[in-house]
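Reader: Can you walk me through this one? I'd like to keep it quick.

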Amino acid sequence: MVVIGAGGREHALVRALQRSPQRPEVLAAPGNAGILAQAPAFAADPEELENFAQTAERERVDLVVVGPEAPLVSGLVDALKDRDIAVLGPSKAAAQLEASKIFAKEIMEAAGVPTAAYCTVSSVEAGLRAIESYPAVLKFDGLAGGKGVVIAADEPQARSALAEMLEQRRFGAGSVVVEDFLEGEELSLLALCDGVQAVPLAPARDFKRIGEGDTGPNTGGMGAFSPVPGVSAEMVKEIVAAVHQPVVDELRRRGMPFHGVLYAGLMLGSDGFKTLEFNVRFGDPETQAVLPRLRTDLVDLLLRASREDGLKEARIEWDRRSAVTVVLASRGYPASSSCGDVISGLDRVPDDVEVTHAGTSASAGDVVTAGGRVLNVTALGNSVEEARTAAYAAADLIEFDGRQMRRDIAAGQVERERNS
Ligand SMILES: Nc1ncnc2c1ncn2[C@@H]1O[C@H](COP(=O)(O)OP(=O)(O)O)[C@@H](O)[C@H]1O
Ligand SMILES: [Mg+2]
């Protein structure tokens, strides 16, 4: 089987697949220094859809697991399915759920999924007229690498954000969704879908800002933990029944059955939960905190999800322990990127701590940084506090020039655990 992608999420996927009793041969496309140390490279570029699909057919690949959204949105799944190759991920049509905020809103509306009230605008003036109060939430319709959402505190901020998106076309042509600001705590709830049903994975929370106390610019994610204290199995069921399942039903009705991971970003408010957005793939870094807790064979689960109704009666079991993931990022991230700094201390990390690579490469016998987020350090523990302590103890052993690490990942949860 082939795992597409080059980040910490894909490294965690490769590890979890290799833990399967089926002992699969896992290949990476393209992988990174950490992934390639334990899985050989697959000889085709996923950006060249037809060539990739042809090569996969020739090599009799039994499953392709797509990590990032780009290949999904460009139609890699469709190209593979044309050749009857099993693949985990939605079709190009269903991937619009992530690629277009407007499409996601329309599906939610049609399926009766709780979400913030919204309207769509294509000019700055229309945008300002649509805002009823501040803070206001402005979302560029298309993919924007995590930079397309602005929470504007006042009118001047809203005006400049709208101008940047609609007039300067920072992310290309496209409209903007103006939606109500929601208060509460965020939750990432991912579900595995087989076109017919949605089966939840363990709940997680991620930390998007670069700075401690959730300050500074957004990043790809600086840490995560799973499960989320206070989010019961009952509540997970309720959310899947109100959010994931209706979306899967609606897409099926429209002739675009959803296979793969449906990731709902949710806001848990005092009056219940609302959906902020959908992603159509595993989250990064949530996956690094979720998969080490998986007790069910991932190969079997992903193969089932690739078949229509394959997850019927599937049960997913989880390690009861908590997992905490801490991200180490390179100097200047997220504004700029620093490469080539030698990483030391990887060999000192205890065996029961999982280090997954993101922006790393191999250079003359060293592992060096390759920009962006560099490494993820995940530890398990009998409490959030134990997991957190172990993750930071291991992360502190790993050094490189300019290393950035938030010290407060899951800190609030430890407080809460103590008080409960
Ligand atoms: N309606 C909303 N109210 C409050 N905060 C929001 C709202 N929508 C989005 N956000 C915040 O902005 C972040 C990014 O928005 P999201 O819709 O997840 O877009 P993307 O991940 O594509 O950038 C969310 O994680 C959340 O913190
Ligand atoms: Mg998001």
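Reader: How is the chain divided into domains?
Author: This is a predicted model. The chain splits into domain 1 (2–92), domain 2 (118–179) and domain 3 (185–419).

Reader: What distance separates the centres of domain 1 and domain 2?
Author: Taken over C-alpha atoms, those centres are 35 Å apart.

Reader: Ligand next. How many residues surround ligand 1, and which are the closest?
Author: Ligand 1 is surrounded by 16 residues. A116, V137, V149, L182 and E277 are the closest.

Reader: Which elements give two or more residues to that shell?
Author: β6 (136–140), β7 (149–152) and β16 (272–279) do.

Reader: And from which domains does the shell draw at least three residues each?
Author: Domain 2 (118–179) and domain 3 (185–419).

Reader: Switching topic. What is the strand order in the open sheet of four strands?
Author: The order is β2-β1-β3-β4, and the pairing is parallel. β2 (27–30) and β4 (87–88) are the edge strands, each pairing on one side only.

Reader: What packs on that sheet?
Author: Helix α1 (residues 8–18) packs there, touching β1, β2 and β3. The direction of α1 makes about 170° with that of β1.

Reader: How many bridges join β1 to β2?
Author: Four, with the two strands running parallel. I4 stands opposite A29 in β2.

Reader: And how many join β1 to β3?
Author: Three bridges link β1 (residues 2–5) with β3 (residues 64–66), again a parallel pair. V2 is opposite V64 in β3.

Reader: Is the β-α-β unit of β1, α1 and β2 right-handed or left-handed?
Author: Those three make a right-handed unit.

Reader: Now the backbone, before I set anything up. Where is the peptide bond to P135 in the chain, and is it cis or trans?
Author: The bond from Y134 to P135 is cis, with omega near 0°. P135 is in the loop between α8 (124–130) and β6.

Reader: What about Y333 and P334?
Author: A cis peptide bond joins them too, with omega about 5°. P334 lies in the loop between β17 (322–329) and β18 (339–342).

Reader: Last one. What is phi of R169?
Author: Near 50°, which is positive in a residue other than glycine. R169 is in the loop between α9 (155–166) and β8 (176–179).

Conventions:
Residues numbered from 1 in each chain as written. Chains lettered and ligands numbered in written order. Predicted model: local features only at pLDDT ≥ 70, side-chain atom pairs only at ≥ 80, totals over all residues. Near = placed C-beta within 6 Å. Domains from an automatic or database assignment. Pairing = 2+ DSSP bridges. Contact = placed C-beta atoms within 7 Å. Axes fitted to C-alpha atoms, helices over the stretch in contact; angles between N-to-C directions. Right-handed = clockwise from strand over helix to strand, strands pointing away.
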